[in-house]
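I opened my notebook today to look up a few local features of one model and to write down what I found.

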Amino acid sequence: AEKALKKQEKNYRELVEGANSIIMRRDISGKITFLNKFALNFFGYSEDEIIGRGVVGTIVPSIDSEGRDLGKMIEDIGRQPENYAININENMRSNGDRAWIAWANRPIMNEKGDVVEILCIGNDITDRKIAEENLKAEHEQLLGIIEFLPDATFVIDRDKKVIAWNKAIEEMTGIGKQHLIGKGDY
């Protein structure tokens with residue numbers, strides 16, 4: 001039984017250490033208790049530099065670039081991990097670079113059923129986030145162009161919903177965009 005247990009432990013360790021995802025354990029106060037090799041390399045820390053330190057200020061900024069209070073979020077995950085089974089937030093590397101991570105979080109309980117740690121598995125989605133922001137900016141630019149076309153112009157998406165209704169068509173029909181944007185079957 002002991003030999004089988006050691007083999008099973010070795011298999012799990014190989015899975016965790018060989019994963020191409022960030023695998024982290026943190027206590028309920030936000031102190032890091034484990035990072036796999038992939039995570040250490042991704043964030044740019046050695047075990048000695050990061051284990052025992054808080055996630056806020058090391059791999060999580062206190063405030064992200066969108067103005068969200070991530071320090072408060074980290075505290076809240078420790079109190080109510082069930083509310084953060086999946087979350088996306090900005091993280092930071094040791095060199096100061098920022099990265100967006102999609103996290104799956106699961107509470108780890110003691111024998112009494114109290115949450116003692118959080119198992120966090122993360123994947124870098126920075127490229128996806130940048131592509132979404134670029135697409136949103138291009139969409140807004142296109143809507144701006146449509147708005148000022150001299151011809152009455154509207155745009156309907158694949159779901160047959162109005163997504164653009166310019167000033168010229170408002171003047172022609174007497175119907176303001178606030179009555180049509182997002183509506184279908186017109």
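Entry one, a helix. I kept in mind from the start that this is a predicted model. I looked up helix α4, residues 70–79, and found that seven of its 10 residues are buried, so the helix is largely enclosed by the rest of the structure. I noted the buried ones as Leu70, Gly71, Met73, Ile74, Asp76, Ile77 and Gly78. I then asked myself what covers the buried residues of α4. The cover includes β1 (22–27), β3 (86–92) and β5 (115–124). At the N-terminal end of α4 I found a cap, aspartate 69, which has a side-chain oxygen 3.2 Å from the backbone nitrogen of glycine 71.

Entry two, a lysine. I next located lysine 129, which sits in helix α5, residues 126–147.

Entry three, a hairpin. I returned to β1 and saw that three bridges join it to strand β2, residues 32–35, with the two strands running antiparallel. I looked up the bridge partner of methionine 24 in β2, and it is leucine 35. Four residues lie between the strands of this hairpin, and I noted that glycine 30 takes a positive phi there, near 105 degrees.

Notes
Residues numbered from 1 in each chain as written. Predicted model: local features only at pLDDT ≥ 70, side-chain atom pairs only at ≥ 80, totals over all residues. Heavy atoms only, no water. Buried < 20%, exposed > 50% of the residue type's maximum accessible area, 1.4 Å probe, protein only. Contact = heavy atoms within 4.5 Å. Polar contact = N/O pair within 3.5 Å; in protein donor to acceptor, adjacent residues only side chain to side chain. Pairing = 2+ DSSP bridges.
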